[in-house]
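Please open the model in a viewer and keep the selection panel at hand.

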Amino acid sequence: MSSRESDMPQADAVASADSPAAADSASFTGSAAVPGAPPPPPPSLRALATTPVGRLATAMLVVELLAGMQTYINQTVLPLVATDLGARAHYGLVTAAAMVPTFLTMPLGGTMLARWRADRLMTTLTAVLVAGAVTGALAPGVGVYVAGEVLRGLAAGALATVSMGVLVAGLPEAWRRLFLAAGSATWIVSSVLGPGYAAAVSEAWGWRWALVAYVPLLVAARLVMARAIRGLHVDDDEARPPLVPALAMAAGVAGIGAVPAASAWFVPVGAAGLAAVTWACARVFPAGTMRLAPGRPAALAMLAWLCAAYFTLDYLVSPAAHDVLGLGPNAVGWALTCAGLAWSSIAIWTAAHPARAPRRFRMRIGMGAACFAIGGTLMTLAFADIAPWWCLHVGFATAGTGMGLTNQDTMIRCVTAPEDLGGAPDGISEARIATSVTVANAAGAATLGTLATTFVAPSAAGVQADLLVPTTAALTVALAVTPLLARRAA
């Protein structure tokens with residue numbers, strides 16, 4: 001990393017309180033604020049364009065929009081990539097290619113952000129991400145494609161934690177809630193533009209162009225955000241970066257993705273991988289998370305559970321719709337769009353009206369669980385050929401509604417310090433909560449998602465309905481029991 005400054009004193013790695021960068025950031029960064037500085041302005045359209053905190057929030061929203069598009073693009077072209085590169089028997093490998101290196105850098109992102117200049121860190125990581133995307137688009141075979149995904153994943157893991165750190169430490173509580181609400185709105189746009197863009201570009205020029213045509217816009221947005229976070233300082237409570245948990249997490253996901261479902265090693269390696277990731281999460285998360293200690297630890301556990309089950313279901317939609325239902329890119333794209341629109345539309349309202357009271361929170365989680373049960377059942381019936389193919393779209397949209405009702409409130413509980421709500425501090429640092437939320441969003445999803453996509457596609461024929469149906473049914477049950485976790489998170 002060209003901008004690495006690990007040999008410099010900590011005071012040199014961030015702007016000093018008397019520097020122009022610190023003076024600019026002090027109005028929006030709590031941990032870097034200069035004593036006596038005026039409080040940040042309340043959210044408004046004018047403040048978005050004229051204040052440091054507003055410009056930061058705007059840049060973050062643009063990045064959120066393009067990152068959302070990237071998610072839908074990758075999902076839409078996945079069956080095309082696997083078919084063209086002869087990797088339909090290795091959906092798990094292709095799915096894990098970017099996620100494995102992500103877990104090498106994701107737990108370290110908070111430490112990076114606390115030690116090195118945030119703007120240089122984001123610029124360097126963005127360059128690595130672009131190099132990975134270009135490598136994947138030019139790949140002549142699955143090996144080179146995987147190499148490109150590895151590069152992209154290394155950058156994406158750290159960038160995810162850096163972005164979460166900016167959300168936690170760079171935005172005041174009112175601006176943070178505004179960003180979460182507006183961020184949900186950007187996913188409405190990305191859920192329409194992403195699959196549509198991927199399907200149109202893939203049909204016109206091929207999936208390779210779909211992977212890179214939008215990259216210049218993503219680079220521009222990241223550079224604007226990097227400029228906006230000059231001088232940002234994030235507190236960290238760890239003496240040493242969690243290198244061993246990071247390696248265990250990456251190794252666990254890699255092992256699951258590398259062993260085909262037809263192999264006799266699939267079950268023992270899968271069990272070992274799950275155990276390794278669980279152990280790593282226990283080391284990364286704050287104390288009490290794995291035993292559901294009330295407050296933010298239980299909320300983190302609930303977030304990890306939700307994301308693991310829902311995103312695993314999400315990962316199955318594209319290859320299953322292509323291989324089992326025989327749907328093309330446009331129809332697959334619409335299935336993803338339906339769920340994204342439902343999730344984002346509901347999440348806009350839930351972010352603007354968070355369920356702060358415990359009883360209200362539990363009621364909202366219960367409504368979300370009902371949506372999960374109905375939606376997952378419709379999807380399972382469609383894959384079993386009991387219901388028509390369009391029940392996949394209706395069911396996934398209903399499950400997306402469940403995420404809109406549950407995920408946003410859980411996220412707010414995780415990223416909001418108790419003292420911001422008038423409670424006692426819980427001792428969780430900004431870097432720790434940024435790393436923990438990022439890992440909770442991704443670790444379970446990557447592990448369970450890789451395991452599931454490998455399991456349901458044991459041969460070159462792709463996804464098999466007799467394996468897919470019980471898998472989606474099990475995921476539906478997992479999502480439907482989420483209210484059991486809500487009481488302690490509330």
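Select Arg-152 and Glu-149, whose side chains meet in a salt bridge at 2.8 Å, N to O; a salt bridge is a side-chain nitrogen of Lys or Arg within 4 Å of a carboxyl oxygen of Asp or Glu. Both residues lie in helix α8 (residues 142-170), 3 residues apart, about one turn of the helix. Helices (H or I, at least four residues) and strands (E, at least two) are DSSP runs, numbered from the N terminus. Arg-152 counts as buried because its relative accessibility is 12%, and Glu-149 is buried at 8%. Here buried means under 20% relative accessible area, exposed over 50%, and partly exposed in between (1.4 Å probe, protein chains only).

This is a predicted model, in which local features need pLDDT of at least 70 and side-chain atom pairs count only at pLDDT 80 or more, while totals for chains, interfaces and linings use all residues. Residues are numbered from 1 along each chain as its sequence is written, and side-chain values use heavy atoms, with hydrogens and water left out.

The structure holds 3 salt bridges. Next, select Asp-409 and Arg-364, whose side chains form a salt bridge at 2.6 Å, N to O. This pair links distant parts of the chain, with Asp-409 in helix α17 (residues 391-415) and Arg-364 in helix α16 (residues 358-383), 45 residues apart. Both Asp-409 and Arg-364 are buried.

Then move to Asp-84 and Arg-208, a salt bridge at 3.8 Å, N to O. Asp-84 belongs to helix α4 (residues 52-84) and Arg-208 to helix α10 (residues 207-212), 124 residues apart. Asp-84 is partly exposed, with a relative accessible area of 48%, and Arg-208 is partly exposed at 26%.

**The nonpolar core**

Which residues have the most contacts inside the largest nonpolar core? Select Phe-103, Leu-171, Met-249, Tyr-310 and Val-437; the core has 135 residues. The largest share of this core, 16 residues, comes from helix α14 (residues 296-323). A nonpolar core is a set of buried Ala, Val, Leu, Ile, Met, Phe, Trp, Tyr and Cys residues joined through side-chain atoms within 4.5 Å.

Centre on Val-437: not counting residues up to four places away in sequence, Val-437 touches Met-164, Leu-300, Leu-303, Met-411, Cys-414 and Val-415. Contact means heavy atoms within 4.5 Å.

**The whole protein**

Finally, zoom out and colour by secondary structure: the protein has 20 helices and 0 strands. Buried residues make up 57% of its 490 residues.
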